[in-house]
Every structure is written in structure tokens, then in C-alpha cells.
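I opened my notebook today to look through a protein chain, one topic at a time. Come along and check each entry against the picture.

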Amino acid sequence: MIDLDRAFRIPFRDPAWTSRIGLGAVIQLVPILNFAGLGYQLEVMRRARDGEDATLPTWDNLSALFSRGARMFVVDLIYALPIILVFCGFYAAWFGLMFSFIPLSGGRSGPSSEAILAMTTGMMAASVGFTCVFVLLYLYLLVIMILIPLTRVQMLRTGSVAACLRLGDLLRLFRQRPGEYLGASLMLAGSAYAGSLLSILGPLLLLITPYANVVAGHVYGQLARETPAPIGPVAG
């Protein structure tokens, strides 16, 4: 059973939590270097898994945190590629559709009734197609929400990008604790929604994000604590 109360309170039990959360807030503002935030989350996971969570990790070994975080980013990027490609295709198709209507505009005389009908039919067909695509994207986004806790646990166990991409291993991992992985996924979705609402707070959000990173890491670490059977090669 995931101890959410401990996960939410754990950052504040460290006397130096302000400096460590604050440094995380600064690092997340630096492009590329902010990959270290994912490495930091993995270290929070390790400590939660091993019962060493009395204090937060330090940022002393930034290069190691960056290296682990970069590997985790590659995994996230690969799973996000379908969404990225579909959005690129969406905008390309939309602009292509708009440009295709230019010859039908009729210049100063205005479009003919046939041109208007063609444009209306084209817009309706495009709207239906885009709606279907976005429904599929939404369903895929739900899958990604479930994959994120699984890939975090697998990365902690193996340190391997390839291991995080083996869907069969991830499925077996999910079957061991389905309720808890779904719960972690719901928490992730809720955090993302809350973050979008709290964006009106501006600078304060810079501190909320690294705090949420620690909380999520602790939850994932609890998931990794008791894995009944090995899933793929375990890092030594």
C-alpha cells in the first residue's frame, strides 16, 4: 500500500529542504541541465525504496544526476514521439488545407457557390478527422500516464533505456501491482491538472514543481520497494 501521507510530508522532514528544493527550482530553469531533475527524482526513488528517506538527496553529484536524468528523458521522449508527430502532422495538414482554399476564393469577385460548397465540405471532413485523431491521442495520453510510473521503476532497477522500452517487461511489472500503479498514474494526472490551475501563481510554481517531483519520486520508490519477481536485467 502506498503511503501518500509520508510521500507528501517527507520533503519537509529534512532541515535543509528549503535549499534543496530551491536549488531544484533554479536547475529546472536551465535548458538541458534540467534533465538533472529527473535524475534527482530517481535518487529520491532509490532512497524511498531502500528506506533511506530521512533526508532529501543533495545536488553535489550533478553530473551523475544529469546522466541518469538524460536517460530517463530519452525514454519519455520516445514514448511521446507519436504525440509530437501527430501534432506536427496536424498543423501541416491544417495549413495545407488553408492554402488549398486560396485558388477557390475567386479573387475580388468572391468565391462561387461551388467553391463555397467545396470549402465547407473540406472543413467538415477535416474537423471530423481531427476530432477522431484527438480522441486517439487522448487515449494514448492515458496509456502514457500509466507508463510513467512503470518506466521510472524499471529505470531505477536497470538503469537501461532499452529495458524501459520492453513493453512485455513493463506489462509484467504492472500485473504485479496493478491497483497501486493505477493509483500512482491518477496521482500524476491530478498533479498535472493542479499544476495547470496553479500556473496563475507565477513564480511560486517554480517551488511547487520540484516539490511535486520529490513527492512523485517517493511514491514511485514505494512501488519499487517490493517487486515480487525480477523484471528484465537488474542493474548491479
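Here are my entries, from the overall fold down to single pairs of side chains.

**Entry 1: the fold**

I noted at the start that this is a predicted model. I then looked up the secondary structure and found nine helices and zero strands in the protein chain. Reading along the sequence, I wrote the pattern down as α-α-α-α-α-α-α-α-α. Next I looked at contacts between residues at least 6 apart in sequence, and 79% of them join residues at least 24 apart.

The accessible surface comes to about 12,900 Å², and carbon and sulfur atoms account for 72% of that.

**Entry 2: the cores**

Which residues have the most contacts inside the largest nonpolar core? I found L150, V153, Y181, V219, Y220 and L223, in a core of 32 residues. Helices 3, 4, 5, 7, 8 and 9 each give two or more residues to this core. Helix 5, which spans 113-158, gives the most, with nine residues.

Leaving aside its neighbours within four places in sequence, V219 is in contact with I2, L4, A7, A184 and M187. I also noted a second, separate core of 10 residues, with I21, V44, L56 and W59 among them.

Helix 4 supplies the largest share, seven residues. I checked V74, which is found in helix 4. V74 counts as partly exposed because its relative accessibility is 36%, between the 20% and 50% cut-offs.

**Entry 3: cysteines**

I searched for disulfides and found zero. A reminder to myself: a disulfide is a covalent bond between the sulfur atoms of two cysteines. Are C132 and C164 buried or exposed, or something in between? C132 is partly exposed at 45% relative accessibility, whereas C164 is buried at 0%.

**Entry 4: salt bridges**

How many salt bridges does a search of the whole structure find? I wrote down 13.

The side chains of E43 and R46 meet at 2.8 Å, N to O. Both residues are in helix 3, and being three residues apart there, they are separated by about one helical turn. E43 counts as buried at 11% relative accessibility, while R46 is partly exposed at 24%. This pair also belongs to a network of salt bridges that links E43, R46, R47, R49, D50, E52 and R68.

The side chains of D76 and R152 form a salt bridge at 3.0 Å, N to O. D76 lies in helix 4 and R152 in helix 5, so this pair ties together parts that are 76 residues apart in sequence. D76 is partly exposed, with 24% relative accessibility, but R152 is buried, with a relative accessible area of 6%.

D169 is buried, with a relative accessible area of 8%, and R166 counts as partly exposed at 32% relative accessibility.

Note on methods: Residues numbered from 1 in each chain as written. Predicted model: local features only at pLDDT ≥ 70, side-chain atom pairs only at ≥ 80, totals over all residues. Heavy atoms only, no water. Helix = DSSP H or I, 4+ residues; strand = E, 2+ residues; numbered from the N terminus. Contact = heavy atoms within 4.5 Å. Areas by Shrake-Rupley, 256 points an atom, 1.4 Å probe, with all protein chains shown as cover. Core = buried A, V, L, I, M, F, W, Y, C linked by side-chain atoms within 4.5 Å. Buried < 20%, exposed > 50% of the residue type's maximum accessible area, 1.4 Å probe, protein only. Disulfide = S-S within 2.5 Å. Salt bridge = Lys/Arg side-chain N within 4 Å of Asp/Glu carboxyl O.
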